[in-house]
Amino acid sequence: MELAEIGIKFALVAIIFGISLVVAMYSTYAERKIAAFFQDRVGPNRAGPFGILQPLADGAKMFLKEEIIPTNATPFLFIVGPSLAILTACIASAVIPWGQNVVIAGRTIPLQVTDINVGILYIFGVVSLGVYGVMIGGWASNNKYSLLGAIRAASQNISYEISMGLSIIALLLVTGTLSLGEIAQQQHGWHWNVIYQPVGFLLFLICSFAETNRTPFDLPECETELVGGYHTEYSSMKLGFYLFAEYINMFISSAVMVTLYWGSYNYPGMDYMNELLGATWGPLFGFAVMFTKVLLFIFFFMWVRWTIPRFRYDQLMDLGWKVLIPLAIANIVVTGIWITFFS
Amino acid sequence: MESLSNKKKVLEVKPLNFWERAYLPAIAKGLSITMGHFFKKPVTIQYPEQKREFSENYRGLHSLKRDENGKERCTACGLCALSCPAEAITMTAAERQKGEEHLYREEKYAAVYEINMLRCIFCGLCEEACPKEAIYLDGDIVQSDYLRKDFIYGKDKLVEAPLNQ
Ligand code: SF4
Ligand code: SF4
């Protein structure tokens with residue numbers, strides 16, 4: 001019995017890991033295709049039908065490139081940087097609830113690797129570890145552009161983590177729990193948190209853009225000023241890991257946003273569907289719904305990237321400290337008053 | 001002073017109002033514009049398979065012409081080489097022998113005629129200089145190649161295909 005459960009957990013971990021890697025892989029393809037569509041172009045279309053094999057070709061290229069470690073770089077840290085980036089990107093998915101419990105062959109299987117009661121804090125911890133990958137890489141490169149990129153990444157993450165945390169506090173006032181599994185359950189049907197916390201969601205969204213270093217907050221890798229930013233000196237698969245980590249992060253933060261604000265695996269009319277499809281296929285359908293929402297968010301990330309130019313660095317800091325943090329605090333106060341007096 | 005054209009427009013620097021400073025409406029507008037492009041037909045021409053039509057006066061690859069009897073028109077006068085600003089043309093003249101009348105129109109012809117396509121700027125001055133209407137830039141674009149020497153096109157590539165009677 002115990003062994004079977006461990007086996008199921010391992011299978012679940014492997015599946016989630018595989019899914020996030022595949023999503024990240026095809027995000028690179030989607031990014032290029034979507035960029036092309038936004039710019040009235042066609043995008044990659046030579047490798048396989050519609051260029052569907054392009055990510056594989058890119059991956060093969062990355063692996064076959066020469067491994068270069070610059071003379072002045074610190075070799076150990078130079079390798080630790082991208083490893084840490086990809087590691088932290090991969091482990092964040094452990095606490096995300098991907099669906100309701102599935103009943104397969106009389107056994108109830110939770111579609112969540114682990115429902116620790118401080119799930120949100122875990123995600124925060126892992127995400128703030130992620131910036132170490134960028135910082136160590138930029139520092140170890142021993143190159144001024146990389147260093148500047150790394151410093152930017154660090155200060156940007158610190159600034160935006162504050163308002164992200166504050167926007168979460170307002171959400172916690174509403175939900176009363178830190179466990180992602182419970183938060184997902186509470187949003188049953190159409191009771192999505194975004195209805196109760198629109199400002200909080202907006203803040204969280206903006207901060208997620210900043211945390212994942214996506215445009216308009218991609219200053220750490222700003223080509224026009226910093227050559228390649230923190231990964232200027234990187235080549236071959238080490239560069240691949242950095243880029244990959246960015247896409248996994250995007251996937252994870254989309255999943256977190258869906259879980260926290262957009263109803264996770266819940267959708268209006270889910271009770272009816274669950275009855276209709278049974279205990280196995282109903283939750284799996286919920287998983288499909290959640291996955292669709294996540295993909296929509298990823299699309300939104302890309303949509304924004306190909307629309308908005310980057311911020312200037314001082315504007316970025318202004319926005320973080322002078323606008324988002326006061327707004328987040330005001331949001332907490334208003335939410336607190338609302339909860340005290342109206343519920 | 002009154003402006004001459006009356007087209008002068010005085011711009012005021014207005015401070016941004018609240019909604020403009022909030023960025024979000026502007027961002028939403030930008031997003032809707034890009035979304036409009038998302039569904040437009042791509043303007044890409046997929047080059048090797050599809051080709052854009054050249055305009056009528058497009059100057060492409062040179063061709064050395066033949067006259068109505070299939071004889072080469074060029075008389076190796078060298079005017080084209082002289083007029084060429086890029087010094088791309090070289091030639092060696094030869095005298096037409098007995099029995100070669102069906103090949104060359106004039107008594108002197110170009111035994112070697114080479115254009116270096118890497119030097120040529122496709123200005124068309126050779127075409128204009130030629131007194132015999134022997135050279136025209138009416139071909140396709142120059143193909144890519146690996147070696148510099150392969151861009152020196154000789155008579156084998158330049159002369160028009162002979163008329164088949
Ligand atoms: S097109 Fe211009 S550059 Fe080219 S061969 Fe003729 S004269 Fe020279
Ligand atoms: S192509 Fe024309 S200008 Fe040039 S050598 Fe021949 S006849 Fe003279």
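Q: Which residues of α10(A) meet which residues of α11(A)?

A: In this predicted model, where local features need pLDDT of at least 70, side-chain atom pairs count only at pLDDT 80 or more, and totals for chains, interfaces and linings use all residues, side-chain values use heavy atoms, with hydrogens and water left out. Residues are numbered from 1 along each chain as its sequence is written, while chains are lettered from A and ligands numbered from 1 in the order in which they are written. On the α10(A) side the residues are Y247(A), M250(A), F251(A), S253(A), S254(A), A255(A), M257(A), V258(A) and T259(A), and they meet M290(A), F291(A), K293(A), V294(A), F297(A), I298(A), F301(A), M302(A) and R305(A) of α11(A). Contact here means heavy atoms within 4.5 Å, and the helices are DSSP runs (H or I, at least four residues; strands are E, at least two), numbered from the N terminus. The residues of this contact divide into 13 nonpolar, three polar and two charged, where Ala, Val, Leu, Ile, Met, Phe, Trp, Tyr, Cys and Pro count as nonpolar, Asp, Glu, Lys and Arg as charged, and the others, Gly among them, as polar.

Q: Why are α10(A) and α11(A) called oblique to each other?

A: The axes of α10(A), residues 236–260, and α11(A) come within 9 Å and cross at roughly 120 degrees. Axes are lines fitted to C-alpha atoms, for helices over the stretch in contact, with angles from 0 to 180 degrees between N-to-C directions. Angles under 35 degrees count as roughly parallel, over 145 as roughly antiparallel, 65 to 115 as roughly perpendicular and the rest as oblique, and α10(A) and α11(A) are therefore oblique.

Q: What makes α1(A) oblique to α11(A)?

A: Helix α1(A), residues 2–38, and helix α11(A), residues 270–305, have axes that come within 10 Å and cross at roughly 45 degrees, which makes α1(A) oblique to α11(A). Their crossing is right-handed, a term used if the near helix is turned clockwise from the far one by less than a right angle, and left-handed if anticlockwise. The contact of α1(A) with α11(A) comprises eleven nonpolar, one polar and two charged residues.

Q: Why are α3(A) and α4(A) called roughly antiparallel?

A: Helix α3(A), residues 75–91, packs with helix α4(A), residues 119–140, at an angle of about 160 degrees, their axes 7 Å apart, and the two are therefore roughly antiparallel. The crossing of α3(A) and α4(A) is left-handed. Among the residues of α3(A) in this contact are L77(A), F78(A) and G81(A), while those of α4(A) include Y122(A), G133(A) and W139(A). By class, the contact has 13 nonpolar, five polar and no charged residues.

Q: How many residues of chain B and chain A are in contact?

A: The contact involves 16 residues of chain B and 17 residues of chain A. The area buried between the chains is about 1500 Å², of which carbon and sulfur atoms give 68%; buried area is the accessible area (1.4 Å probe) that two parts lose on being put together, summed over both. L31(B), T34(B) and F38(B) supply 36% of the area that chain B buries against chain A, more than any other three residues.

Q: How do you know that C74(B), C77(B), C80(B) and C130(B) gather at one spot?

A: UniProt lists these four under "binding site" in an unreviewed entry, and such annotations may be inferred rather than shown by experiment. They span 57 residues in sequence, yet no two of their C-alpha atoms are more than 10.3 Å apart, so they gather at one spot. C74(B) is placed in the loop between β1 (63–64) and α3 (79–83) of chain B.
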